[in-house]
Number of protein chains: 2
Amino acid sequence: MTGLPFEITAVGFVRSALRGCSAAPRQGSEGAPDAKLEILPEFLEGLTGIEPGQDIWILTWLHESQRSVLQVHPRGDPQNPLAGVFATRSPDRPNPIGLHRCRILDIAGNCVEVAALEAIDGTPIVDLKPVIESSRDF
Amino acid sequence: MTGLPFEITAVGFVRSALRGCSAAPRQGSEGAPDAKLEILPEFLEGLTGIEPGQDIWILTWLHESQRSVLQVHPRGDPQNPLAGVFATRSPDRPNPIGLHRCRILDIAGNCVEVAALEAIDGTPIVDLKPVIESSRDF
């Protein structure tokens, strides 16, 4: 296999009132604030066709994560038995990619406003994808 | 922002009867075969707690993609108006991460068998996550 490791780049950054990991809820549905996705000018063309009201997947790079961690106590609670990171949403994992489903509230220039995003301010955004509503792939 | 670009590594590889991009359906629900996820030994501990019958997100690195593409005709059909790659599931995009929802059929050693995966043989796997069933995050 050639080309490993691969280089992943930021296409933008999260702008949020959440300033540190300790402030961040574990899931967006657990009280996360609305946030802005500031897309870098060189990737702006990639937004064509994205509309307010639509649900998207936001893929982030959880840049404060520990990449050597393979097992965790889910939700940081030592009462929970150790689980493999692939069986959890722990930000600590070999490739710390965050996966967030959010509704688009507004788009203005290079700024996409979304509802209830649990990523902290400054988190690199690596991809956006439409949610495909089907029985298998949400 | 320090640390850019980031390095992303393979935690395993897809083993599939699909041998090339032209053979691959665009979504798993469009006739994709069952496939095996061969997890590298050094990441095996990360699987603890994953069970057959469970749905997971498989994040792949679509290694044959064109990363400079920002707009495409959806589904490769020139009749479809140009759309930004962030509004589509095109494999061509700045960071070609594939997002696949699959059901686990079996786990044996470092091999996770899943149903209906549209990624081709040899595709690097970069992360696995549990599907969280809620109104916002599937």
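Student: What makes strand S7 and strand S8 of chain A a pair?
Tutor: Two strands pair if DSSP finds at least two bridges between them. S7 (residues 97-108) and S8 (residues 111-114) of chain A have 4 bridges, in the antiparallel sense. So they count as a pair. A:Ile104 stands opposite A:Val114 in S8(A).

Student: Where do these numbers and letters come from?
Tutor: This is a predicted model, where local features need pLDDT of at least 70, side-chain atom pairs count only at pLDDT 80 or more, and totals for chains, interfaces and linings use all residues. Residues are numbered from 1 along each chain as its sequence is written, while chains are lettered from A and ligands numbered from 1 in the order in which they are written.

Student: How many helices and strands does chain A have?
Tutor: Chain A has 0 helices and 9 strands. Both are DSSP runs numbered from the N terminus: helices are H or I, at least four residues, and strands are E, at least two.

Student: Which strands close into the barrel?
Tutor: In chain A, 6 strands close in the order S2-S3-S8-S7-S4-S9, with antiparallel pairing. The twist averages 45° from one strand to the next. Axes here are lines fitted to C-alpha atoms, for helices over the stretch in contact, and angles run from 0 to 180 degrees between N-to-C directions.
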